[in-house]
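Hello,

I am passing a structure on to you, together with some notes on what turned up in it. Have a look at it first, and then read on below.

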Amino acid sequence: MVTLLFFASLRETVGLSREQVALPAGTPTVSSLVDALRSRGERWSEAFAPGKSWRVAVNQRMADLATPVRPGDEVAFFPPVTGG
Amino acid sequence: MAHVRVQAGDFDVGRELDVLTRGRRDVGALASFVGLVRDANDGHAIQGMTLEHYPGMTESALEDICAQAHARWDLIDTVVIHRVGPLVPGDRIVLVGVASAHRGEAFEACEFIMDYLKTRAPFWKKEDTPEGGRWVDARESDDAAAERWKG
């Protein structure tokens with residue numbers, strides 16, 4: 001299992017801030033996780049649509065599509081940051 | 001060597017900057033930046049905003065940015081305080097303070113920390129406008145400002 005977190009506009013689009021999910025089979029990466037999320041339905045394919053700008057962090061460090069995901073990891077998805 | 005806080009409440013700028021120099025005789029320069037909530041953005045009237053963040057990652061991202069500043073310039077001490085939650089125009093959002101022996105390092109490091117904070121620290125602003133809530137889009141000009149510190 002991994003913990004997924006969603007923040008800001010991405011959280012509103014998917015309608016969820018946190019959940020636990022089983023990892024995709026094989027050698028899971030952020031990319032395979034996002035593929036699985038996209039297949040959930042319209043809100044999910046919209047949130048992760050090609051060309052849509054989003055960021056990902058694994059265990060609170062910035063990551064990318066190729067980053068491996070392991071059991072127990074915390075994977076957070078969010079839009080580009082706008083603090084300051 | 002770096003004081004980092006994320007909090008809902010306001011901060012006292014004078015008191016926070018005093019922490020960087022109190023009891024020291026080697027500080028020759030103290031540069032600071034305070035960001036505030038404006039009442040307009042991109043042609044929209046702003047009644048208020050809510051700042052969301054990623055607890056845990058935000059603090060470590062800010063600490064990492066300060067560590068990069070300390071590695072890059074000869075700094076004595078730094079402080080970064082960022083507010084979260086509901087804010088209204090005129091409220092302070094963020095404080096960056098940098099103490100060093102000479103002004104050049106303090107000015108540059110203060111700007112570097114703000115440029116990196118705006119593009120790397122996980123905060124998101126949602127503005128309240130007369131037309132409803134509106135998530136603020138990231139600006140390319142902020143990316144460009146952060147890029148110039150590379151190389």
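Let me start with helix α3(B), which lies across β2, β6 and β8 of chain B and runs at about 25° to β2(B). Please keep in mind throughout that this is a predicted model. Helix α1 of chain B, residues 13-21, also belongs in this picture: it lies across β1, β2, β6 and β8 of chain B, at about 25° to β8(B).

The strands under discussion belong to an open sheet of 4 strands in chain B, with the order β1-β6-β8-β2 and mixed pairing. At its edges are β1 (2-7) and β2 (29-36) of chain B, each pairing on one side only. On average, and ignoring direction, neighbouring strands in this sheet are turned by 5° against each other.

How do α2(B) and α3(B) sit against each other, in angle and axis distance? They pack at an angle of about 150°, and their axes are 10 Å apart. The crossing of α2(B) past α3(B) is right-handed. From α2(B), the residues that take part are A61(B), L62(B), I65(B), C66(B) and A69(B); facing them in α3(B) are A109(B), F112(B), I113(B), Y116(B), L117(B) and R120(B). By type, this contact has 10 nonpolar residues, no polar ones and 1 charged.

In the largest nonpolar core, which has 49 residues, I65(B) and I113(B) touch the most other members. The helix that gives the most to this core is α3(B), with 8 residues. Leaving aside residues up to four places away in sequence, I65(B) touches I113(B), Y116(B), L117(B), R120(B) and A121(B).

There is a second sheet to look at. It is also in chain B, an open sheet of 4 strands in the order β7-β5-β9-β10, and its pairing is antiparallel. Here the edge strands are β7 (85-87) and β10 (132-135) of chain B, each pairing on one side only. From one strand to the next, the twist averages 25°.

- β5(B) and β7(B) are antiparallel and pair over 3 bridges; M49(B) has L87(B) in β7(B) as its bridge partner.
- β9(B) and β10(B) are antiparallel and joined by 4 bridges; T129(B) has G132(B) in β10(B) as its bridge partner. These two strands form a hairpin, with 2 residues between them.

Now to the place where the chains meet. How many residues of chain B are in contact with chain A? There are 22, and they touch 13 residues of chain A. On the chain B side, β5 (48-53), α2 (57-72), α3 (103-120) and β9 (123-129) each supply at least two residues. The largest share comes from α3(B), with 5 residues. Sorted by type, the chain B side that touches chain A has 13 nonpolar, 5 polar and 4 charged residues.

Finally, two backbone details. Most residues other than glycine have a negative phi. A8(A) has a positive one, near 55°, and its place is in helix α1 of chain A, residues 8-14. D42(B), which is not a glycine either, has a positive phi of about 50°; it is found in the loop between β3 (40-41) and β4 (44-45) of chain B.

Which of the two is buried and which exposed? A8(A) has 24 other C-beta atoms within 10 Å, so it counts as buried, the cut-off being 20 or more. D42(B) has 11 C-beta neighbours inside 10 Å, so it counts as exposed, since the limit for that is 12 or fewer.

I hope you enjoy exploring it.

Best wishes

Methods. Residues numbered from 1 in each chain as written. Chains lettered and ligands numbered in written order. Predicted model: local features only at pLDDT ≥ 70, side-chain atom pairs only at ≥ 80, totals over all residues. Contact = placed C-beta atoms within 7 Å. Nonpolar A, V, L, I, M, F, W, Y, C, P; charged D, E, K, R; others polar. Axes fitted to C-alpha atoms, helices over the stretch in contact; angles between N-to-C directions. Left-handed = near helix turned anticlockwise from the far one by under 90°. Pairing = 2+ DSSP bridges. Core = buried A, V, L, I, M, F, W, Y, C linked by C-beta atoms within 7 Å.
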